[in-house]
Amino acid sequence: MKIEILSGDITELRVDAIVNAANRSLLGGGGVDGAIHRKAGIELLEECRKLGGCEIGEAKITQAYKLPSKHIIHTVAPEWYREYEVPKEELLKNCYLNSLKLAEEYNLKTIAFPCIGMGVYSCPKDIGTRIALKTVANYIESSTIEKVFFVCFEAELYDYYTEFMKEML
Ligand code: AR6
């Protein structure tokens, strides 16, 4: 199986890249973004300052500094309580696709995603779970990426992911 669902803290994983659910500034915030910046250290913020932010659905890569992973891929989800010209589902899907494309460009083999957009940005858990699993499963079928971990910090989200994974099989 190329996909594995884990519960816990993504900052502890020793993978080629962990994905950060950031905001458009890329200068840190709460949730998983806050945890990543706190543990990676100030050098991460310094590198992020040079990136000029990130649009919704896009992705940018940095080193991981004090974290055990090699890289951090920063992506920005849509805020579910806002309206955009493009459907929010598509924007969220792009977060996964652009993160995976970037991982391939850097020849990364193992990548871990948090539940992007499903915290502060309020994407409904069932919608977010389906988009995450469907998009990634579909993409990695013919990709150089060897393993994708979905890391659920909340027990409820772990249940959503494992349930939907069973439905997909
Ligand atoms: N490891 C894994 N998952 C975590 C961790 C962790 N250490 N900490 C929290 N989560 P959120 P968003 C889960 O809010 O919805 C920030 O302020 C969390 O339980 O981090 O995309 C940014 O700067 C939830 O399931 O990201 C943005 O302003 C999931 O990560 C905004 O929040 C995503 O929740 C982005 O909001």
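Colleague: What makes the contact between the side chains of E167 and R130 a salt bridge?

Modeller: In this predicted model, the side chains of E167 and R130 come to 3.5 Å, N to O, and because a salt bridge asks for a Lys or Arg side-chain nitrogen within 4 Å of an Asp or Glu carboxyl oxygen, the pair meets the criterion. The two residues belong to distant parts of the chain, with E167 in helix α5 (residues 155–168) and R130 in helix α4 (residues 125–140), 37 residues apart.

Colleague: Why is E167 called exposed, and why is R130 called partly exposed?

Modeller: E167 has 51% relative accessibility, and since exposed means over 50%, E167 counts as exposed. R130 has 37%, which lies between the 20% and 50% limits, so R130 counts as partly exposed.

Colleague: How do you know that K147 and E4 tie together parts that are apart in sequence?

Modeller: Their side chains meet in a salt bridge at 3.0 Å, N to O, a value that falls within the 4 Å limit. K147 lies in strand β6 (residues 147–152) and E4 in strand β1 (residues 3–7), so the pair ties together parts that are 143 residues apart in sequence. E4 itself, at 33% relative accessibility, counts as partly exposed.

Colleague: What separates K166 and E163 in helix α5?

Modeller: About one helical turn separates K166 and E163, because they are three residues apart in helix α5. Their side chains meet in a salt bridge at 3.1 Å, N to O. K166 has 56% relative accessibility and is therefore exposed, whereas E163, at 44%, is partly exposed.

Colleague: How many salt bridges does the structure hold, and which residues are linked in a network with D9?

Modeller: The structure holds 11 salt bridges, and a network of salt bridges links D9 with E12 and K39.

Colleague: Are C54 and C95 buried or exposed?

Modeller: Both count as buried: C54 has 4% relative accessibility and C95 has 0%, and buried means under 20%.

Key. Residues are numbered from 1 along each chain as its sequence is written. This is a predicted model: local features need pLDDT of at least 70, side-chain atom pairs count only at pLDDT 80 or more; totals for chains, interfaces and linings use all residues. Side-chain values use heavy atoms; hydrogens and water are left out. Helices (H or I, at least four residues) and strands (E, at least two) are DSSP runs, numbered from the N terminus. Buried means under 20% relative accessible area, exposed over 50%, partly exposed in between (1.4 Å probe, protein chains only).
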